[in-house]
Structures are given as C-alpha cells and as structure tokens.
Amino acid sequence: MSSSLHKKNTRFYLILLIPAVCLYCLALIGPLFMGTVPSAFYDWNIIKAKRNFIGLGNFMELFRDKQFLTSLVFTLKLGIVTVTLNNIAAFTISYFLNERIFAKGLTRSMFFMPNTIGGIMVSFIWCFLFTNVFPKMFAAAGMESLAQISWFGSGSMAFITIVVAAVWTGSGFLMVLYLAGLQNISTDILEAGEIDGCTGLKKVVMIQLPLLMPTITINLFVSIAGAFKSFDIPYAMTGGGPAGATNTIALNIYRDAFSTYNMGYACAKSVILFVIVMIITCGQLRLTRTKEVQM
Amino acid sequence: MYKKIRQGTAFFLSAVIAAGLFGCGQPSSGQPGVQSSQPGQAKEAGQPAQTNKAEEESKSTDKVNVTMAVWSSSSAAIQEEAAKVFNDSQDQINFTVEMQSGDYAQYLGAKTVANDLPDLFYINPYSELWQYAKNGYLLDLSDQPFASKIYDSTKEGVTYDGKIYGYPSSVEYWGLFYNIDAFEKAGITEPPVTFSQLQEACEKLKAAGITPFAATYKDSWTCEQVFCALYAGAMQDRLPGWVADMNAGKSTFSQEGVDKVFRFIDLMKENSGTNYMDSDATAGYNSFAGGDAAMIFLGNFALRSARKVNPDIRLGMLPVPISDNPEESKIMCNTGVGIVVNPNGKHVEEALKVLEYVSDNTEGARNWTTIMLDAVGGAMPSMPVKLENVVNEPYYQTASQYIAEGKTMGKISNQLNSGGMEIIKNVIQGYFADMSSQEEILGQLDEQILKLAE
C-alpha cells in the first residue's frame with residue numbers, strides 16, 4: 001500500500017479502531033487500573049464486607065510466600081519450554097507445509113485443528129492418553145518400563161504432560177502465521193540464493209529466518225504472553241498437583257482470590273504478573289525488532 | 001461512490017464484530033452451572049437440558065424460579081427427580097438444581113464477590129458456613145420447622161452465635177468400603193478390624209490377583225479425606241481439644257500416634273497397584289466397581305458411582321483399622337451438607353418453601369429426603385426418617401451400627417479454620433506422591449494451618 005493512500009485514509013482507519021479500543025478499555029484497561037491495581041493495596045477478604053488499606057503490605061508478603069515463588073519459578077520454566085518448543089514445532093511444520101506436499105490443505109487443517117479445541121477438552125484428551133492409552137500400548141509392545149511410567153506421580157513428569165498438551169494445541173496457530181510469512185518471501189530471492197549455492201539448512205538460516213523476523217516477533221509475543229497466563233491446561237490436567245508442583249501463577253492467583261477469598265492479595269500477585277509479562281514482552285519486542293530486515 | 005459504500009460496509013462489519021464480541025462476554029443469566037469447566041460431568045448431569053427446560057416451563061406458567069446451587073456429585077439424576085416431585089406438587093414455584101462441575105468453593109467465592117449468590121446453596125458446615133453466617137450472607141433459619149426435628153449432633157456445624165443458619169441435610173460417613181465378592185474370592189471370611197488383619201487381607205487379595213486398594217490419589221481431595229479419617233483415628237478422644245487448640249494457633253500436627261497415619265498411607269501406596277498417582281476418583285470408582293480393586297477408602301458417596309457402574313456389586317464397610325486395638329477402629333462422620341438460604345435473594349419466601357420441602361420427613365412421603373438418602377451411596381439422615389431400600393445393604397448396616405454405638409470421629413478439615421481443607425489436600429498429596437517425608441508434611445501442615453489462626 002502506498003504511503004499517500006495510507007495518509008489519505010488515516011482518519012477512516014482510526015474510526016475503525018474505535019469499537020475495538022472501547023472494548024479494550026471497558027474489558028481490560030478499566031478493570032485493571034480501577035479494580036485490580038487499587039485493590040492490591042488493601043487487605044480484602046471477599047467474604048468479609050470491609051477492606052483495610054495496608055499500603056505495600058500485600059507486596060511485602062509476596063516475597064515470603066513460598067507457594068507464590070514456587071509457582072513463579074514453575075511458570076517461568078513452563079514459559080521458556082513451551083515458547084521454545086511451540087515456535088520450533090510451528091516453524092518446522094510450516095516449513096514442510098510450504099513445500100509441495102500431498103493434500104496440502106487437508107494436512108494444514110489437521111495441524112491447525114488442535115488449536116480450535118478448548119484447553120479443557122485438550123486436557124481431557126491428553127489425560128486419557130497418558131493414563132489409559134500409553135500404558136496399555138507400551139505394555140502390549142512389551143516395553144514394561146515405559147508402561148510403568150507414572151505421568152502424574154511427580155512434578156517433573158506432570159510438567160512434561162502439560163508441555164506436550166500445550167505444544168500440541170498451541171503450535172497450530174503459530175504455524176499459520178509462519179506459513180503466511182514463508183509464503184510472503186519472494187521466490188526471486190530464494191531462487192537467486194539457490195543459484196549462488198545457498199540451499200537446504202543454509203537457505204533457512206541465511207535467507208528465510210531473517211526475512212521471517214517480523215513473524216517471529218509476533219509469534220514470540222503471542223506465545224510468551226500466553227505462556228504466562230497459562231491456566232486451563234494445568235488446571236484440568238493436574239489441578240496444580242501433585243502437591244502444588246504444577247501450580248502456575250494464574251492458578252495460584254485464582255485460588256487465592258476464590259478459594260481462600262483473599263482478593264487483595266490476589267490482586268497484588270496479578271499486578272506483579274502484569275509487570276513481569278510487560279517487562280519480558282517489551283524486552284523481546286525490542287530485541288527481535290532490531291533483527292528485522294526489510295525486503 | 002463505490003469507495004464510500006466499501007468504507008461504509010467495512011465500518012458496519014467492524015461494528016457488528018465488536019458487538020458480537022461484547023455479546024460473547026455477557027454472562028448467561030441464571031445458568032452459571034452450565035458453564036462447566038468439566039464438560040464430561042456436566043453432560044452426565046444433564047444440567048443444560050434441565051435448566052433450559054425449567055426456564056421454558058417457568059415462562060409458560062409464570063412460576064417463580066428458585067435455584068439451588070449444589071456441588072458436583074453423581075447425584076444429578078436423583079436431584080433432578082427430587083426437584084421434579086416438588087414442581088409437580090404445586091404451581092407457584094419452579095425449583096431447579098444447578099450442579100457446579102468445577103471447584104465449588106471457587107464458584108461460591110466468585111458468586112459472593114459478584115453479589116450474585118443463588119436463592120439456596122450447598123455449603124460445607126462448620127468453618128465455611130460460620131464464615132458466611134458471620135458476614136451476613138446467610139438467612140437465620142432458627143424458626144424453620146426442620147430446626148426442631150434435626151438431631152442435636154448435627155446442629156453444631158450449622159449453628160453460629162446461637163442461631164441455626166443451615167439445614168444439615170445429611171450425615172456423610174467415611175471408611176473402607178469393600179467388594180464382598182472380591183473378599184470371598186481371596187478367602188477373607190472375617191472382615192479385618194485391626195491394622196494387622198488389614199495387612200493380612202492385603203496379602204490374600206494380592207495372592208488372588210486383586211489390587212487391595214482402588215487408587216484415587218490424582219485428585220488431591222481424596223488424599224485429604226483419607227488423611228482426615230486416619231488422623232482422627234490416631235487422635236481418638238483427643239481430637240476435639242486438638243482442633244480447638246489448632247484454631248487458636250497453639251498446637252501442632254506432630255502428636256503422639258501420628259506415625260500410625262503415615263504407616264497406613266504407606267500400606268495403601270504399597271497396595272494400590274502401579275501408577276497409582278495417575279488414577280483419579282472416577283478411575284478409582286470404576287476399578288472398585290469392576291472388581292479390579294477390592295477396597296476404596298472414601299465417603300459413602302463413592303458407592304453411588306460404584307453401583308451405577310456395576311449394579312450387582314455387593315458392598316461391605318470396615319471402620320478405619322488404624323491400630324491393632326479394634327476399639328480404636330471407627331468411622332468418620334460429618335454433617336455433610338448444609339443447605340442455606342441467601343437473605344438477599346429475589347425470592348426468599350419461595351426459597352423457604354423449597355427448604356421446607358427439602359427438609360420434609362413425613363413418613364411414607366416421596367420427597368427430597370427419601371429420594372436422596374434411600375439409595376446406595378446416600379448419606380445418613382439428620383432427622384428421623386423411615387428408609388426402606390438402603391437399610392438392607394450390608395455396608396449401611398455396619399455404618400448404622402457404628403453410629404448407634406457412638407464409634408465415630410469428626411472430620412478435621414471442616415472443623416479447622418476456613419482454608420484448612422485446601423491446605424491439607426495440597427500438602428498431603430505430596431506424601432502419596434513420595435515428594436515429601438512424614439516430617440516435611442507435618443512441618444508444612446503446621447506452618448500453613450497455624451497461619452490461618454493469625
């Protein structure tokens with residue numbers, strides 16, 4: 001699109017943005033700055049009608065809260081692993097789907113389909129596979145040691161089950177964006193590269209990945225934000241167990257707010273989560289945008 | 001011209017999409033129960049269809065809608081049946097039961113903060129009910145007809161500051177339920193009543209190719225219930241005083257006899273088959289009902305699911321054999337459900353009429369009480385009620401005998417300060433999963449439970 005046309009239509013584009021911005025303010029900005037942030041400074045049990053202002057009391061308590069710190073470390077670990085695996089899986093699948101393959105449309109749909117299933121359903125599917133299908137399958141194949149793996153019996157194994165389910169359902173969306181990015185790379189550039197001997201992995205690393213940086217920026221942003229808000233899959237797969245070993249920050253906040261009814265403290269944790277996600281995503285955007293190249 | 005039409009169409013479409021998104025965010029009034037986080041259970045419960053049907057009926061006849069929120073269980077069908085009996089008996093009120101398939105405490109918390117509690121709702125007696133009563137969320141029911149009919153032993157958990165705030169609809173009981181056929185197959189002729197006898201029974205069951213205990217430990221609430229029953233067994237008569245001290249912040253879980261609790265859990269772990277941490281309550285019910293496992297250590301409610309899976313299963317019950325003294329083998333009892341009324345509800349008078357029906361114990365009448373209790377898995381009544389079917393079940397006869405003899409113990413997680421149940425279930429699961437030692441578990445429990453007293 002030419003820049004003159006863009007300038008000419010700027011007012012119209014801004015008008016188009018109004019409904020979305022209004023909704024965003026109503027559903028996110030408003031509750032965040034009028035509800036969550038102020039409440040973080042109160043001792044507020046939702047069953048008790050009154051709230052007491054305690055200043056930074058909730059934030060000071062956070063640093064002594066072992067469960068919060070454990071869930072913070074777990075969320076960071078989950079975030080790093082799922083963001084990395086999601087993006088690697090999504091790029092790899094989209095790379096091969098971009099080639100000439102049999103039944104391309106159907107194959108793309110198959111990879112995208114898990115993304116259309118809700119997190120709770122995904123969890124039920126994988127719970128069933130881990131507890132019923134895999135043990136029987138391995139036992140039938142004579143692999144007793146694998147059949148006897150307790151997938152939910154320890155924090156580390158339960159972590160693996162969550163990662164598998166999260167990557168299975170999350171990579172489809174990223175794959176579509178990578179695919180669109182790959183298709184946008186001019187064939188002239190690729191052909192010129194091939195003539196110069198840049199083929200195979202070299203082509204991926206030297207040409208395609210640099211030209212995909214805008215897509216990588218968006219995909220990292222989406223997957224990092226998603227990983228830190230991770231709630232439905234851990235909730236339905238492990239319930240945060242065993243013994244709280246797979247509690248994410250979002251689960252921890254939810255339980256504080258609605259199980260022990262400590263809303264003020266939960267709001268303080270939400271503010272901290274907001275700040276952490278903001279710092280990480282801003283850092284990531286800054287880092288990846290500097291690597292972007294213009295065609 | 002063409003450009004203006006295109007711009008206008010684009011603007012209209014963006015507005016429609018925005019309006020659609022806004023619509024998606026609206027709560028579906030009166031149907032929080034159907035927004036299930038566990039679709040499987042909601043489907044089993046048949047709630048969506050039930051609620052929609054009830055709403056349609058209500059519209060057509062101008063009945064007043066009264067809803068009662070209940071926690072997830074396998075009683076959905078009979079609760080629906082019991083509500084239908086009431087709806088068919090009069091034409092002013094349309095009574096619907098909304099089963100919440102997710103975490104019930106979290107549902108109540110969300111409803112409380114939104115000031116949108118249902119007309120009637122289930123609540124855990126003791127600390128949870130007391131907390132709600134203290135803060136004005138419950139209607140004083142002291143002058144209701146049921147108040148003079150319920151047994152004195154059930155009043156404590158629903159009474160706050162001398163006033164009755166809940167109808168204790170039943171007395172739940174916990175112990176070791178066993179499959180009589182499995183025991184006979186293993187050659188166990190006398191049900192074990194001591195710990196040593198239980199160990200021998202486990203060996204015989206394993207020799208017969210039967211897993212002694214049905215594993216349910218992936219669900220942390222099952223670990224909590226097992227721990228509470230064992231801990232109460234270890235404490236015996238010291239329990240009430242200990243609970244009072246813990247709530248005052250001046251005691252510890254490390255009491256004399258606590259080793260027996262962990263010894264028992266060790267026995268369960270050794271005899272629950274492989275991958276026992278992968279098995280949740282539903283898998284445990286199925287394993288028990290199918291005869292793969294001989295015993296299940298849970299409350300009476302587990303039997304409803306077991307009988308549903310296997311209508312022919314013969315069910316017996318063992319008191320908890322915590323030691324080698326049979327006198328210490330008791331069952332854990334608790335006022336299982338408190339049914340309370342929201343004083344700020346739209347239809348308080350109608351809700352009280354529903355409560356009157358729910359607490360009716362007229363002999364020979366088919367009502368909520370008989371429908372809920374006179375079936376396998378039903379709890380004990382909290383007032384004199386004539387039951388005809390369940391009384392012939394062997395397990396029920398054992399439970400009745402122990403209750404009549406006073407060989408019962410309370411459920412600590414309900415009696416400790418509010419929040420204790422959540423803590424116990426998360427901590428004790430660590431022992432089942434071999435993630436923490438006995439000392440670590442006791443330390444964590446002390447640290448977190450005593451904090452509740454602050």
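Me: What should I know about the model and its numbering?
Reply: The model is predicted, so local features need pLDDT of at least 70 and side-chain atom pairs count only at pLDDT 80 or more, while totals for chains, interfaces and linings use all residues. Residues are numbered from 1 along each chain as its sequence is written, chains are lettered from A in the order in which they are written, and side-chain values use heavy atoms, without hydrogens and water.

Me: How many residues of chain A and chain B are in contact?
Reply: Contact means heavy atoms within 4.5 Å. Here 42 residues of chain A are in contact with 39 residues of chain B.

Me: What area do chain A and chain B bury between them?
Reply: Buried area is the accessible area (1.4 Å probe) that two parts lose on being put together, summed over both. For these chains the value is about 3,300 Å², with 58% on carbon and sulfur atoms. Ile47(A), Ala243(A) and Tyr261(A) supply 17% of the area that chain A buries against chain B, more than any other three residues.

Me: How many salt bridges are there between chain A and chain B?
Reply: A salt bridge is a side-chain nitrogen of Lys or Arg within 4 Å of a carboxyl oxygen of Asp or Glu. The count is three. Lys451(B) forms a salt bridge with Glu61(A), their closest N and O atoms being 3.5 Å apart.

Me: Into which domains is chain A divided?
Reply: Domain bounds come from an automatic or database domain assignment. Chain A has domain 1 (1–39) and domain 2 (65–289). Between them the salt bridge count is zero.
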